[in-house]
Amino acid sequence: MREQAVQDARRRVAACFVALDDTRRIVGYYTLASAGVPLTALPPENRKKLPRYPAVPAVRMGRFAVDQACQGRGLGAALLADAIARTMRAEIASYAMIVDTKDEKAAAFYRHHGFISLPDTPLMLFLPFALPNHSEMKLEQQESQSPAGVTLTGRFLNMSADISAKA
Ligand SMILES: CC(C)(COP(=O)(O)OP(=O)(O)OC[C@H]1O[C@@H](n2cnc3c(N)ncnc32)[C@H](O)[C@@H]1OP(=O)(O)O)[C@@H](O)C(=O)NCCC(=O)NCCS
């Protein structure tokens, strides 16, 4: 797992996040990567609210597991919540989180947490992030740091949703 995660991170095909216990042993992990969902794969009720682009942007939760000895104690739910919060905090928009599950048992875990099966591929599920129409939007002003650590002098406006408001 560690080797795969490091390789994926180097190639920038997935980012890995881990949960550590008191002894810094890895007891759970998940990976996130950019993805897209063809518009036609979504249920009609979700599709009709979206612009007619061929695909909508998404974040894929590629791998996700909790150490067997730690299962059933809420760690899986906490890791999933962390992944969702991390994705929603990102400044680059994504319509949904998607997961490709290996079997019905894993799919049931995601359904339990509000994910919806794609109509033609029920083991692939998605969780839309769209906010209700009445939720407030705010303009954030922030400085930007270039990858080299140089602070860019311009200021950038980011219109983001205040998800704590009236959700
Ligand atoms: C799926 C997995 C990550 C869940 O982790 P976990 O720590 O055991 O789950 P939690 O204890 O946090 O469970 C949280 C909730 O999900 C529910 N749940 C757990 N597994 C479930 C399942 N297979 N189906 C439906 N609900 C499930 C629990 O009952 C609990 O419900 P509650 O909050 O209403 O009480 C873990 O079982 C695992 O690592 N499985 C093997 C790998 C895997 O299947 N990964 C999934 C991606 S393919």
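Around the ligand stand 17 residues, the closest being Gln 71, Gly 76, Ala 77, Ala 108 and His 112. The model is a predicted one. By class, this shell holds eight nonpolar, six polar and three charged residues. Strand 3, helix 3 and helix 4 each supply at least two residues of the shell; helix 4 gives the most, with five residues.

Helix 3 covers residues 75-89, and its 15 residues should span 21 Å at 1.5 Å a residue; the end C-alpha atoms are 21 Å apart, which agrees. The buried residues of this helix are Gly 76, Leu 79, Leu 80 and Ala 83. Seen down the axis of helix 3, these buried residues fall within an arc of 100 degrees, so they line one face of the helix. An α-helix has 3.6 residues a turn, so residues three or four places apart point the same way. On the other side of helix 3, Ala 81, Ala 85 and Arg 89 are exposed. The buried residues pack against strand 1 (15-20), strand 2 (26-38), strand 3 (55-66) and helix 4 (104-112).

The largest nonpolar core has 22 residues, of which Ala 58, Ala 96, Met 97 and Phe 126 touch the most other members. Strand 2, strand 3, helix 3, strand 4 (96-100) and strand 6 (121-128) each give two or more residues to this core, and strand 3 gives the most, with five residues. Leaving aside neighbours within four places in sequence, Ala 58 is in contact with residues including Ala 35, Val 37, Ala 96, Met 97, Ile 98 and Phe 126. In soluble globular proteins, nonpolar side chains tend to be buried together.

Note on methods: Residues are numbered from 1 along each chain as its sequence is written. This is a predicted model: local features need pLDDT of at least 70, side-chain atom pairs count only at pLDDT 80 or more; totals for chains, interfaces and linings use all residues. Helices (H or I, at least four residues) and strands (E, at least two) are DSSP runs, numbered from the N terminus. The expected span of a helix is 1.5 Å times one less than its number of residues. A residue is buried if 20 or more other C-beta atoms lie within 10 Å of its own, exposed if 12 or fewer, and partly exposed in between; C-beta atoms are placed from the backbone. The arc is that of the directions from the helix axis to the C-beta atoms. Two residues are in contact if their C-beta atoms, placed from the backbone, lie within 7 Å. A nonpolar core is a set of buried Ala, Val, Leu, Ile, Met, Phe, Trp, Tyr and Cys residues joined through C-beta atoms within 7 Å. A residue is near a molecule or strand if its C-beta atom, placed from the backbone, lies within 6 Å of it. Ala, Val, Leu, Ile, Met, Phe, Trp, Tyr, Cys and Pro count as nonpolar, Asp, Glu, Lys and Arg as charged, and the others, Gly among them, as polar.
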